[in-house]
Amino acid sequence: MNVSSPSSQITTSVAKTSRLAGVEGKLLAHDVGRGSAVDIARLESSSSSGTATEAVAAGIGHLQTDLHKGATTRYVGGSNNDLWEKRV
């Protein structure tokens with residue numbers, strides 16, 4: 001059977017898992033995507049570490065149009081690469 005799960009399945013799974021893990025706030029499926037985007041961005045070993053790149057967008061299923069519109073950047077957040085320290 002090659003049928004996609006209903007979108008409510010992941011929402012229900014995230015809610016149940018977060019309760020079991022002791023998370024007090026409400027988690028959404030998008031929170032899992034955001035966490036994955038940050039993790040993938042920080043795995044890159046270049047000066048672009050921690051930023052939204054094509055590799056990060058592809059890793060979370062974003063299209064290049066999503067990347068260019070800033071959607072991937074909103075998932076990743078700011079860079080964790082301190083270029084000022086490297087200059088000193």
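I take helices (H or I, at least four residues) and strands (E, at least two) as DSSP runs, numbered from the N terminus. With that in hand I looked past helix 1 and found glycine 22 following it, with a positive phi near 85 degrees.

What I am reading is a predicted model, in which local features need pLDDT of at least 70 and side-chain atom pairs count only at pLDDT 80 or more, while totals for chains, interfaces and linings use all residues. Residues are numbered from 1 along each chain as its sequence is written, and side-chain values use heavy atoms, with hydrogens and water left out.

**Overall make-up.** I counted six helices and zero strands in the protein, so that the order from the N terminus on reads α-α-α-α-α-α. Of the 88 residues, 20% are buried, where I use buried for under 20% relative accessible area, exposed for over 50%, and partly exposed for what lies in between (1.4 Å probe, protein chains only). The protein exposes about 6600 Å², 55% of it supplied by carbon and sulfur atoms; these areas come from the Shrake-Rupley method with a 1.4 Å probe, and for residues only the protein chains shown count as cover. Taking contact to mean heavy atoms within 4.5 Å, I noted that residues 24 or more positions apart account for 40% of the contacts with a separation of 6 or more.

**Helix 1.** I checked the length of this helix: its 14 residues should span 20 Å at 1.5 Å a residue, and the end C-alpha atoms are 21 Å apart, which agrees. The expected span is 1.5 Å times one less than the number of residues. Serine 18 has its place in this helix (residues 7-20) and counts as buried at 7% relative accessibility; leaving out residues up to four places away in sequence, serine 18 touches Val23 and Leu27.

**Salt bridge.** How many salt bridges does a search of the whole structure find? The search finds one, a salt bridge being a side-chain nitrogen of Lys or Arg within 4 Å of a carboxyl oxygen of Asp or Glu. It joins the side chains of arginine 34 and aspartate 31, at 2.9 Å from N to O. The two are three residues apart in helix 2 (residues 29-43), and are therefore separated by about one helical turn. Arginine 34 is partly exposed at 34% relative accessible area, and aspartate 31 is partly exposed at 28%.

**Core.** I define a nonpolar core as a set of buried Ala, Val, Leu, Ile, Met, Phe, Trp, Tyr and Cys residues joined through side-chain atoms within 4.5 Å. The largest has five residues, namely Ala37, Ala41, Val56, Tyr75 and Val76, and helix 2 and helix 5 (71-76) are the elements that give two or more residues to this core. Not counting residues up to four places away in sequence, alanine 41 touches Ser49, Gly50, Thr51, Val56 and Val76.

**Histidine 62 and glutamine 64.** I placed histidine 62 in the loop between helix 3 (54-59) and helix 4, where this residue is buried with a relative accessible area of 16%. Its side chain makes a polar contact with the side chain of threonine 72 at 2.7 Å; a polar contact is a pair of N or O atoms within 3.5 Å, and within protein one must be able to donate a hydrogen and the other to accept it, residues adjacent in sequence counting only if both atoms are side-chain atoms. Leaving aside neighbours within four places in sequence, histidine 62 is in contact with Ala57, Ala71, Thr72 and Tyr75. Glutamine 64 lies in helix 4 (residues 64-69) and counts as partly exposed at 46% relative accessibility.
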